[in-house]
Amino acid sequence: MVANKSLLILPGDGIGPEVMGQVRRVVDWFDRRRSVTFNISEGLVGGAAYDAHGTPLTDETMADAMAADAVLFGSVGGPKYDDAPRDLRPEMGLLRLRKEMDLFANLRPALVFDALIDASTLKEDVVRGLDLLIVRESTSGVYFGQPRGVETLPDGRRRAYDTQEYTDSEIQRVAALAFELARQRGNRLTSVEKANVMETGIFWREIVTKLHADSYSDVELDHMYADNCAMQLVRNPKQFDVIVTDNLFGDILSDCAAMLTGSLGMLPSATLGAVDDSGRRRALYEPVHGSAPDIAGKDMANPIACLLSFSMLLKYSFGMDEDAALIDNAVQNVLGSGVRTADIMSKGAARVSTSVMGDAIIREMDKQAA
Ligand code: NAD
């Protein structure tokens with residue numbers, strides 16, 4: 001019997017509640033079949049919270065997130081909220097969670113399932129078996145650096161500027177986490193920056209090199225310029241195990257890597273914070289996709305990105321690697337049997353709804369656990 005684990009579920013808007021419904025079934029499955037009890041609370045976020053409380057995230061829900069071992073988030077937003085005041089827009093709920101939980105590392109795996117190899121734009125032999133992880137620094141860098149703005153120069157021309165900045169501790173904490181994650185995988189880390197043309201790039205490389213020598217010399221480390229990394233991701237992505245990079249390069253490279261795998265409906269993510277005094281690391285897990293208003297309410301959404309986000313939660317927040325693998329394998333087998341939601345449909349496959357995809361995955365989990 002594994003000790004109780006507290007989990008806050010925030011389904012959000014659009015397809016969020018639909019895909020989260022399938023995760024709830026998997027959570028119940030663990031309760032029934034594996035004697036793992038999750039202490040679950042559920043809250044409103046985004047447009048749903050705005051409708052009920054006039055704010056995209058109440059202080060009470062924020063406090064619940066701070067108290068939980070892990071937060072599982074669906075998606076927020078939709079055309080209904082296009083005219084909401086800027087500071088009350090649905091995505092502000094997510095931004096507040098990330099900021100107050102101080103979630104500084106965004107983890108985006110790029111995993112190619114054999115059955116979906118055709119969905120990739122790259123050749124089969126380039127992506128077959130691909131399994132890489134991008135760790136993006138997510139609370140600093142040029143998206144947050146000061147000063148920033150637009151000004152008019154004395155001669156009348158206008159000038160816009162942003163500031164790229166990193167402190168040593170900001171680089172150390174995200175790099176340390178990436179080294180730890182590499183140790184749990186293929187033990188290889190690629191640190192990505194532009195040390196050829198940027199001061200922050202030179203500094204980033206210096207800090208990562210020293211951290212490696214001091215604490216992680218057992219992990220194989222190499223350095224790569226960001227432009228070369230973009231090229232290598234489409235040329236030979238299987239050369240990578242874990243990539244660590246800053247906020248701006250990570251934003252671009254993780255989207256590039258995501259498309260190697262084909263569909264938005266398949267992509268999970270995690271955002272992690274620091275380990276606190278009790279040894280607990282704050283963490284939020286969410287599918288990469290948004291609220292998909294075009295298909296919301298039609299029982300059409302692919303629940304796999306959200307299910308794989310829950311699998312990441314089991315692995316990274318609770319160390320339940322075997323249980324996470326059970327979900328991943330069930331997904332792999334169901335896709336292999338030709339069951340598909342509309343977004344990943346291919347010739348000869350059976351097109352199913354959100355809930356029937358959930359049925360198939362749970363049946364497969366039953367089989368594996370038998
Ligand atoms: P989106 O990810 O919601 O949808 C893009 C396209 O992918 C749509 O055609 C959609 O139907 C499809 N799609 C996405 N997820 C799918 C799934 N699980 N199964 C099947 N098809 C899927 O992005 P968008 O259309 O640019 O944004 C819609 C809304 O979502 C906006 O309000 C946006 O602000 C919000 N959004 C929220 C998040 C988040 O909550 N983290 C992220 C991105 C966008």
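Reader: Which residues form one aromatic cluster?

Author: Trp 29, Phe 30, Phe 38, Phe 310 and Phe 318 form it. The model is predicted: local features need pLDDT of at least 70, side-chain atom pairs count only at pLDDT 80 or more, and totals for chains, interfaces and linings use all residues. Residues are numbered from 1 along each chain as its sequence is written, and side-chain values use heavy atoms, without hydrogens and water.

Reader: How many aromatic pairs does the rule give?

Author: Seven. Rings of Phe, Tyr and Trp (its six-membered ring) pair if their centres lie within 6.5 Å; planes under 30 degrees apart are stacked, over 60 edge-to-face, the rest tilted.

Reader: Why is the pair of Tyr 50 and Tyr 81 called edge-to-face?

Author: The ring centres are 6.2 Å apart and the planes stand at 90°, so the pair is edge-to-face.

Reader: What makes Tyr 81 count as buried?

Author: Buried means under 20% relative accessible area, exposed over 50%, partly exposed in between (1.4 Å probe, protein chains only). Tyr 81 has 8% relative accessibility, so Tyr 81 counts as buried. Tyr 50 has 25%, so Tyr 50 is partly exposed.

Reader: Is Arg 136 buried or exposed, and why?

Author: Its relative accessible area is 15%, so Arg 136 is buried.

Reader: Which residues is Arg 136 in contact with, leaving aside neighbours within four places in sequence?

Author: Contact means heavy atoms within 4.5 Å. Among the residues in contact with Arg 136 are Phe 104, Tyr 143, Asp 246 and Asp 251.
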